[in-house]
Amino acid sequence: MAEVASQELLLAAAFVSDAQYNRNIPFKTSPEAVRLYYLYNRWFMRTATYFFIFLNLSLAVFEEPAVYPLPFLATSLVEVLCLLVFFGRLMHFAKITHRNVFWKDTKNICIMVAILLSLTDLAIYGALRIYNIKSVRWSRIVRPIFLINFAESRQIRRAFRSIRNTLPEITYVFLLFMFSLLMFSLMALKLFGERNLQTAEGLPYFRDYLEIVFDLYVLVTTANSPDVMMSQLAIQNILQFIWKMALFCLFPRLSAQQVISLSSRMPAFDFSSWYALFFIAFVIVNTYIFMSLFLAVVYNNYKKHLKNEIRTLAYMKRRKMIEAFNLLKEEEGTQFVVREAMWKQLVKLVAPDISNSHRELLLRISDDEQKGFIDKKSFLQLADLLNIQVITLKIRSHPLGQWMPRVYRSAVSQFLRSVVRHRGFVWTYDVIILINAVFIALDEESPYISYAEWVFLALYIIEILLKVYTYEPRAFFGKNQFWNWFDTLIIFAALTATILNTTLKSTTKYNSQRILDIVFILRVLRLIRIVDSIQRFRVIMNTLINIVPTMLTFGGLTLVVYCIFAIIGMELFHGKIQFFPPNSNAPYALECGNPALKDSLFARGKYCKNNFNNFASSFIVLMELTVVNQWHVFANGFANVTAQPAKLYFIAFHIVMVIIIVNIFVSFILEAFFVEYSLEKSEVETAIEQKIQELGMGVQEEALQDEQLLDNMESPDNDLEGEGGTKAQPKGLVFKIASKRYRTVDALLQRMFEAEIPLEDEGPSFEEILNLSPATAVPGDLTSERAV
């Protein structure tokens, strides 16, 4: 019986842990499968998986064409090792899920196919290499599949799903945009095609329809504006002739050379300013209207699909918590509850690292009336309670108060400490930091500036000494006190460098001013604390911190796109463009090693190092293409050394990366700001704060300075309780909820949706949730339709 209860407790802990971390893996509930599931979710297993995924991706750096070439045998062995790890991870996943669920999961099929393709390509490439037959490693393009399709990468998959779900709406806008582009290109051909237009290089301009389409597409990105308008007109010769005749008539005393000089200063654009109207209309319609439409469509669809994703996660979390409750519930009168002892064992399994005092705090919140059990409503909030970071603070007396109590508690000492704790002290040093920043920007050769730096250093050292005197040293230099460590290290580094620089300058000719400059720059970073003290700025900073996890998600998404396009680019353009040192005597060194680039903007701009000759160079080129500026120069350059259809590669990258992915990222930033400005504290977080204050163990957020946060979180090895049971909290132990900046936008949106779910609504089953359609507004409707 005890063994059965232990297995149910282990299963319930797995459900609660999934709800806490929003995992939606449908695992088996047998004891063996649950134990394997715990192992599957261990941090070292996830870390190892990510390590081998990035190791597999990084092989492109060492494979031909390589940045750092390694023997084929070495890279192939590493790749086989990575594939074996992936296969083992996949088999581990198969052991914990039902067979029908495993084979219906597309991501598992993708991983298996990618492994088979990689092994097949590796064998074929190795066999051909033995006979010195050159071939292509075509399977390298499937390596990003491993980053996308493992269960740990659910955020990246969500981003790809957002792209997939947004594509239909984007397609309609893109087709309309292409129609506008083709129409303007046709008008440009008819308007300028017969006027003998030429580019600045003297080449035919606006005569080939496909070239016009490309040039106007580039104009949409504004990369070639205003160059595309500044064309040499054959008609300008007539206009300049008229201008010369007018000069002769108006200024008969001017010599012919003076007339030629004046007329040459008159650009062609001045004579044909009406042609600018065409380009202005094109930019307004296509750049400002259609590009804005792209953002609007992406943002609208992103919000819709994000709400569907969050709704699914919310129901999945509710279902997991209900399953855990049903496993542990006992009958108490007319209701089912979870006993206090069982609840404690559950929390120890789910969150073994939290302190006993923290666990007791959560129990007091869940069992508000101290009945000895937790009802269903309170139990369902456990996952949210565990997600709220609570800092345990233990008030300690200052060592000086123990060593010199009379001096430390004297009236003068208390007055000094009150001054340091006063907000005016912080404001004073904020002003000093601003003044110091001005002095750093001034001429450092002036002796007065040099003397001023000593004054500022003295003031900073006094600030640190006063704070250490006022606040308990272990609190001031706690592990969480980043700013205190940062200020102290920067100031003492500056002091050391200043003393060393002054000493060396007085004894030798050596000058360490560069080191000192770096320290000065780091000291200016203290200004961030001023920004953090302003509420409106703090909201922006909180939003930026909140979106860091999602920025990492989009970083993974960008990495996938970059890897695919980098590998394709290396196969298409490898060796076509070479970089030579400035003094090289190699043939066509000025043309990047290719005569096709003679007199081109690519060669004249000295872009030779921007090539696809290895993986690192390809990434740099793709980063420059993402920035958009001068991307048409790259496209024309690589088209010149290969073929004109090569421009389609650069257009495809611009569409995928800039139009789609960047717009989705911008959409998320907009949503993050709207959420941050509109949402207040969650109901659960407010309940914790209220309970902390009721128990008399709280500390007001606004009254607590950063320097007072203690880094002595109680751990199982350092228990603040007595042995064998709950005791009253020790005197001096307080709790504080961590800053709101630790929230994520997904968590906030999930809480918004969860508030709309009634307590009695247990939601659909696991299978129905996993098959939830994006078009379904309420999962309950789906359940009723299936029942029919």
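The structure is a predicted model. The protein has 788 residues, of which 44% are buried, and its secondary structure comprises 36 helices and 5 strands. Among the contacts with a separation of 6 or more, 75% are between residues 24 or more positions apart.

**Helix α4**

- Helix α4 runs over residues 72-96 and has 25 residues.
- From its first C-alpha to its last, α4 reaches 37 Å, close to the 36 Å expected at 1.5 Å a residue.
- The buried residues of α4 include Thr75, Ser76, Glu79, Cys82, Leu83 and Phe86.
- Further along α4, the buried residues include Arg89, Leu90, His92, Phe93 and Ile96.
- These buried residues of α4 pack against five partners, namely α2 (31-40), α3 (43-58), α5 (99-104), α6 (106-130) and α7 (144-149).
- Cys82, one of the buried residues of α4, has a relative accessible area of 0%.
- Cys110, by contrast, counts as partly exposed because its relative accessibility is 28%.

**Helix α20**

- Helix α20 covers residues 411-421, and its buried residues are Ser413, Arg417 and Val420.
- These three residues lie on the same side of α20 because they cover an arc of only 55° around the axis.
- In an α-helix there are 3.6 residues a turn, so residues three or four places apart point the same way.
- On the face of α20 turned away from the buried side are the exposed residues Ala411, Val412 and Phe415.

**The disulfide**

- How many disulfides does the structure hold? The structure holds 1 disulfide.
- This disulfide joins Cys592 to Cys608, with an S to S distance of 1.9 Å.
- The link of Cys592 and Cys608 is left-handed, with -70° about the S-S bond.
- The pair links distant parts of the chain, 16 residues apart.
- Cys592 is in the loop between α28 (548-573) and α29 (601-604), whereas Cys608 is in the loop between α29 and α30 (615-627).
- Is Cys592 buried or exposed? Cys592 counts as buried because its relative accessible area is 0%.
- Cys608 is also buried, with a relative accessible area of 9%.

**Two loop residues**

- Arg143 is placed in the loop between α6 and α7.
- Because its relative accessibility is 2%, Arg143 counts as buried.
- Not counting residues up to four places away in sequence, Arg143 touches Asn56, Leu57, Leu59, Ala60, Glu63, Glu79 and Arg137.
- One of these contacts, Glu79, is a buried residue of α4.
- Ala351 is found in the loop between α14 (340-350) and α15 (356-366).
- Because its relative accessibility is 11%, Ala351 counts as buried.
- Ala351 touches Arg359 and Leu386, not counting residues up to four places away in sequence.
- Ala351 and Ala13 are 338 residues apart along the chain, and their C-alpha atoms are separated by 9.3 Å.

**Aromatic rings and charges**

- A search of the whole structure finds 40 aromatic pairs.
- The distance of the centres and the angle of the planes describe a pair of aromatic rings.
- Which ring does the charged end of Arg89 sit over? The charged end of Arg89 sits over the ring of Tyr40, 3.6 Å from the ring's centre.
- Arg89 is also among the buried residues of α4.
- Lys329 lies over the face of Phe336, at 4.6 Å from the ring centre.

Notes. Residues numbered from 1 in each chain as written. Predicted model: local features only at pLDDT ≥ 70, side-chain atom pairs only at ≥ 80, totals over all residues. Heavy atoms only, no water. Buried < 20%, exposed > 50% of the residue type's maximum accessible area, 1.4 Å probe, protein only. Helix = DSSP H or I, 4+ residues; strand = E, 2+ residues; numbered from the N terminus. Arc of directions from axis to C-beta. Disulfide = S-S within 2.5 Å. Expected span 1.5 Å × (residues − 1). Contact = heavy atoms within 4.5 Å. Phe/Tyr/Trp six-rings, centres within 6.5 Å; stacked < 30°, edge-to-face > 60°. Lys NZ or Arg CZ within 6 Å of the ring centre and 35° of its normal.
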